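Please look at the sequence and the 3D view before reading the points below.

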Amino acid sequence: MACVYDALGAKVTVVEMLDHLLTGCDSDIVRPLAKRIGGRYEEVLLKTKVSSVKAQKNGLKVEIEGAGGRMFDQVLVSVGRVPNGRAIDADAAGVTVDERGFIPVDRQMRTNVPGIYAIGDIVGGPMLAHKATHEARWRPR
């Protein structure tokens, strides 16, 4: 999302708790991105975390551990994603939902209930929109 806001002209600061960007991605792929955004963004703070955000008349005061306070107009918080199989009450329709909230499917994206299919984040794997689009396409097997 930071890349999108940067492209739209926003000044972007990234605060990441880990010592690297894009957890789970190969460092050879992340390195060129880090170099690019390092020159475009206001700051990229790694091994850092936000300790508080307080609304003030002139914006949002963000306290960043080890880096002091900063004022921002807006803040986007992204702390990961989780499947919502339990939240949508899929089990009420008889659909199996595992302990983590994922819905198991077969290779044709069928759940355990005939006529009910599931795609995207809720079935596991990479949580990417284009993955769900691909999964939604009907293909005979």
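The points below go from the whole chain to single residues.

The model is predicted. The protein chain has three helices and five strands, and along the sequence they follow the pattern α-β-α-β-β-β-β-α.

**Overall shape and surface**

- The C-alpha atoms of the protein chain fill a box of roughly 55 × 35 × 25 Å along the principal axes.
- The radius of gyration of the protein chain is 20 Å, whereas a compact globule of 141 residues would have one near 14 Å.
- Buried residues make up 23% of the 141 residues in the protein chain.
- The accessible surface of the protein chain comes to about 10,400 Å², and carbon and sulfur atoms hold 55% of that surface.
- Among contacts in the protein chain with a separation of 6 or more, 31% are between residues 24 or more positions apart.

**The pairing of β3 and β4**

- Strand β3 covers residues 50-56 and strand β4 covers residues 59-64.
- These two strands, β3 and β4, run antiparallel and are joined by six bridges.
- One of the bridge pairs links Ser-52 to Glu-63 in β4.

- Helix α3 spans residues 129-136.
- Lys-131, Ala-132 and Glu-135 are buried in α3.
- These three residues lie on the same side of α3, because they cover an arc of only 95° around the axis.
- The face of α3 turned away from the buried side carries the exposed residues Ala-129, His-130, Thr-133 and Ala-136.

- Most residues other than glycine have a negative phi.
- Asp-89 has a phi near 55°, which is positive although the residue is not glycine.
- Is Met-109 buried or exposed? Met-109 counts as buried, because its relative accessibility is 9% and the cut-off for buried is under 20%.

**Cysteines without a disulfide**

- A disulfide is a covalent bond between the sulfur atoms of two cysteines.
- How many disulfides does the structure hold? The structure holds zero disulfides.
- Cys-3 is in no disulfide, and the nearest cysteine sulfur to it, that of Cys-25, is 12 Å away.
- Cys-3 has a relative accessible area of 39% and is partly exposed.
- Cys-25 also counts as partly exposed, at 44% relative accessibility.

Definitions and conventions:
Residues are numbered from 1 along each chain as its sequence is written. This is a predicted model: local features need pLDDT of at least 70, side-chain atom pairs count only at pLDDT 80 or more; totals for chains, interfaces and linings use all residues. Side-chain values use heavy atoms; hydrogens and water are left out. Helices (H or I, at least four residues) and strands (E, at least two) are DSSP runs, numbered from the N terminus. Buried means under 20% relative accessible area, exposed over 50%, partly exposed in between (1.4 Å probe, protein chains only). The arc is that of the directions from the helix axis to the C-beta atoms. A disulfide is a pair of cysteine sulfur atoms within 2.5 Å. Two strands pair if DSSP finds at least two bridges between them. The radius of gyration is taken over C-alpha atoms; the globule rule is 2.2 Å times the number of residues to the power 0.38. Contact means heavy atoms within 4.5 Å. Accessible areas come from the Shrake-Rupley method with a 1.4 Å probe; for residues, only the protein chains shown count as cover.
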